[in-house]
Amino acid sequence: MIYKEFQPDKLLTNFVKEYWWFDNSTTQQLDFTILPDGCFDLIVSLNNYKQEGISLTGLWTKQVEVSIEPNQQLFGIRFKLLAVDYILQHKISPFCNSEQTRDPDFWQIDQLSFTDLESVTEELNKIMISILSAKKSIDRKKQNLFNLLYQTQGQQTVEWYSQQVFWSTRQINRYFKDRFGVPLKSYCKILKCYDAFKHIKKGQFYPEQNYFDQSHFIKDLKKYTGNKPTELFENKNDRFLQLTTMNEK
């Protein structure tokens, strides 16, 4: 298999985490488990580099099983949550833990040649920057909140974030449930679990994050990934793609 990641334009860093590319160049179906990472994706599926479909995922709060057929390629934009309001302008709460198809000509992606990934990312950078330039200024509360969430990996309490950005917990939770389908507390737990992967990959099973104890850590990890730390560490048959590729990031 071939897996690559590409960084977005600096003007998009608050909205796009990365572009990614997966190519099953083998003769066998490849099966993976994708774990929640606190992002959502726009995914272009191709067969022998010819576009077959486009889908937009919601936020994942549990593991999802995926199968990649031989000669199938996937290209994705891994979005940060602020992109919902300012790039897609479309709430993703109705399809939390699922995905929604998009028209083949969405953003004129059907006109792009995926044999040249650099040109694809450059064109998508231009499209999203153009969308942003047409929008009004970004809500400072939202931007500050997400900056803090990503900086701290969700390790603080909802009350702490509320106090830092001068936005009530009730309003924050209403916003999160309306746009993304989960309350802020659940989103923080997803970020904490994802951040723990880099420790688990090294065989460190005791949480370094803000957990009450190890049993609390294991309980949350199983809730959002369906697996214990030891199972993630073993990563049999490179089942967990994010853990397999983590050293490449």
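Student: What is the average pLDDT of the chain, and what share of the residues score at least 70?

Tutor: The chain averages a pLDDT of 92, and 96% of the residues score at least 70. The model is predicted. Among the elements, helix α5 (residues 169–179) has the highest mean pLDDT, 98, and helix α9 (residues 241–244) the lowest, 83.

Student: What is the order of the strands in the open sheet?

Tutor: Strands of a sheet pair through backbone hydrogen bonds, either parallel or antiparallel. Here six strands form an open sheet in the order β1-β2-β7-β4-β5-β8, and the pairing is antiparallel. β1 (2–6) and β8 are the edge strands, each with a single partner, so one side of each has no neighbour in the sheet. On average, neighbouring strands of this sheet are turned by 20 degrees against each other, direction ignored.

Student: Which helix packs on the sheet, and which strands does the helix touch?

Tutor: Helix α2 (residues 117–133) packs there, touching β1, β2 (16–23) and β7. The direction of α2 makes about 35 degrees with that of β7.

Student: How many bridges join β4 to β7?

Tutor: Eight bridges join β4 to strand β7 (residues 72–79), in the antiparallel sense.

Student: How many bridges join β4 to β5, and how many residues lie between the two strands of the hairpin?

Tutor: β4 (residues 40–47) and β5 (residues 50–57) run antiparallel and are joined by six bridges. Ser45 has Gly53 of β5 as its bridge partner. The two strands form a hairpin with two residues between them. β5 also pairs with strand β8 (residues 99–102), antiparallel over four bridges; there, Ile54 has Arg102 of β8 as its bridge partner.

Student: Which residue in the turn between β4 and β5 has a positive phi?

Tutor: Most residues other than glycine have a negative phi, and most peptide bonds are trans. In the turn, Asn48 has a positive phi of about 50 degrees, although Asn48 is not a glycine. Asn48 is partly exposed, with a relative accessible area of 45%.

Student: Which residues of α4 are buried?

Tutor: An α-helix has 3.6 residues a turn, so residues three or four places apart point the same way. In helix α4 (residues 158–165), the buried residues are Val158, Tyr161, Ser162 and Val165. They cover an arc of only 100 degrees around the axis, which puts them on the same side of α4. Their cover includes α3 (140–152), α5 and α6 (184–200).

Student: At what angle do α4 and α5 pack?

Tutor: Their axes are 9 Å apart, at an angle of about 105 degrees. That makes α4 roughly perpendicular to α5. The contact is made by Val158, Glu159, Ser162 and Val165 of α4 and by Thr169, Ile172 and Asn173 of α5.

Student: How far apart are the axes of α6 and α7?

Tutor: The axes of α6 and helix α7 (residues 214–225) are 10 Å apart, at an angle of about 100 degrees. That makes α6 roughly perpendicular to α7. Residues in this contact include Ile190, Cys193 and Phe197 of α6 and Phe217, Leu221 and Tyr224 of α7.

Key
Residues are numbered from 1 along each chain as its sequence is written. This is a predicted model: local features need pLDDT of at least 70, side-chain atom pairs count only at pLDDT 80 or more; totals for chains, interfaces and linings use all residues. Side-chain values use heavy atoms; hydrogens and water are left out. pLDDT is the predictor's confidence in each residue, from 0 to 100. Two strands pair if DSSP finds at least two bridges between them. Buried means under 20% relative accessible area, exposed over 50%, partly exposed in between (1.4 Å probe, protein chains only). The arc is that of the directions from the helix axis to the C-beta atoms. Contact means heavy atoms within 4.5 Å. Axes are lines fitted to C-alpha atoms, for helices over the stretch in contact, and angles run from 0 to 180 degrees between N-to-C directions. Angles under 35 degrees count as roughly parallel, over 145 as roughly antiparallel, 65 to 115 as roughly perpendicular and the rest as oblique.
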